[in-house]
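This note sets out some points on the model, for reading alongside the coordinates.

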Amino acid sequence: MDGQIISFMQQAMAAAEIVDLSYTLEPGMPVWPTHARFGAIVYETYEDGDISMHRQLSFGEHTGTHLDAPKHFFKDGSSIEEVDVRSVIGRGVMIDAGFLNPCEAYTLDMLHEFESQNGPVREGDIILLHFGWEERYGLGKDAQEFLKDWSGLGGDTAQYLLDKKVSCVGTDALSLDPFGGASYPCHDILLGAGIPILENLTNLHKLPVFSYVIGLANKIKEGSASPIRVIALTQKG
């Protein structure tokens, strides 16, 4: 049985196109204004005559492409090392919401229209919302447009996805909730039910509606989130 599984995975990987959905961790990358910025300090370097190179890295839990744990909004919620490792492993459903205006919410009616055209959202799906915000991504001063006015998911739509028992919901914006709201219904609804949230995804425009997604967060004790490397497997050609 083990040999069959390994053979199947090898064949699947060989036949797939791999799309990287994560940003590179680097200085100047945009973060929420109250969060720690990414930094790197060189401790050993070839230029100084060392036989190897290594750096000390400093960054917040919500830096770059990251996975929010329930503990991010709920004191007694699961921390990131307690989140099911399978949460970001499964069928990816890419929903194009780039037609929305800044700060607008993706509604339940919009999702129903998507399902009428593509089939129903299923239990265990990983929802990937493409608001087109990755087009505004930049480093330093070039990130100003990325840090405001993003579109997001409506609270009623989040509740519907919860009822569908999806395993994770992601966005290419800084937050799943639309910018400027007085509350955070998506975080309250999804994290409150133990469903983690993916934020700051990239390359969603390269995906078909359906793909196979694999993402593994770092195992951080008592973490409210973790940077995550996420890939999508799609059919070649």
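1. Buried denotes a relative accessible area under 20%, exposed over 50%, and partly exposed anything in between (1.4 Å probe, protein chains only). The model is predicted, with local features needing pLDDT of at least 70 and side-chain atom pairs counting only at pLDDT 80 or more, while totals for chains, interfaces and linings use all residues. Residues are numbered from 1 along each chain as its sequence is written, and side-chain values use heavy atoms, with hydrogens and water left out.

2. A salt bridge is taken as a side-chain nitrogen of Lys or Arg within 4 Å of a carboxyl oxygen of Asp or Glu. The count under this rule is 6. One of them joins Glu222 to Lys71, with 3.4 Å between the closest N and O atoms. Because Glu222 lies in the loop between strands E11 (210-217) and E12 (225-235), and Lys71 in the loop between strands E4 (66-68) and E5 (89-96), the pair ties together parts that are 151 residues apart in sequence. Glu222 is partly exposed at 43% relative accessible area, and Lys71 is partly exposed at 25%. Strands (E, at least two residues) and helices (H or I, at least four) are DSSP runs numbered from the N terminus.

3. Asp84 and Arg86 form another salt bridge, at 3.1 Å from N to O. Here Asp84 is partly exposed, with 37% relative accessibility, whereas Arg86 is exposed, with 57%.

4. A nonpolar core is a set of buried Ala, Val, Leu, Ile, Met, Phe, Trp, Tyr and Cys residues joined through side-chain atoms within 4.5 Å. The largest has 26 residues, and Tyr106, Ile127, Leu129, Leu153 and Val169 have the most contacts inside it. At least two residues of this core come from each of E5, helix H2 (108-118), strand E7 (126-130), helix H3 (155-163) and helix H4 (185-192). A second, separate core of 19 residues includes Leu21, Leu67, Ala69 and Leu198.

5. Contact means heavy atoms within 4.5 Å. Beyond its neighbours within four places in sequence, Ile127 has contacts that include Val93, Ile95, Leu161 and Val169.

6. Which residues of H2 are buried? They are Leu108, Leu111, Phe114 and Glu115. The buried residues of H2 pack against E5, strand E6 (105-106) and H3. Just after H2, Gly119 adopts a positive phi of about 105°.
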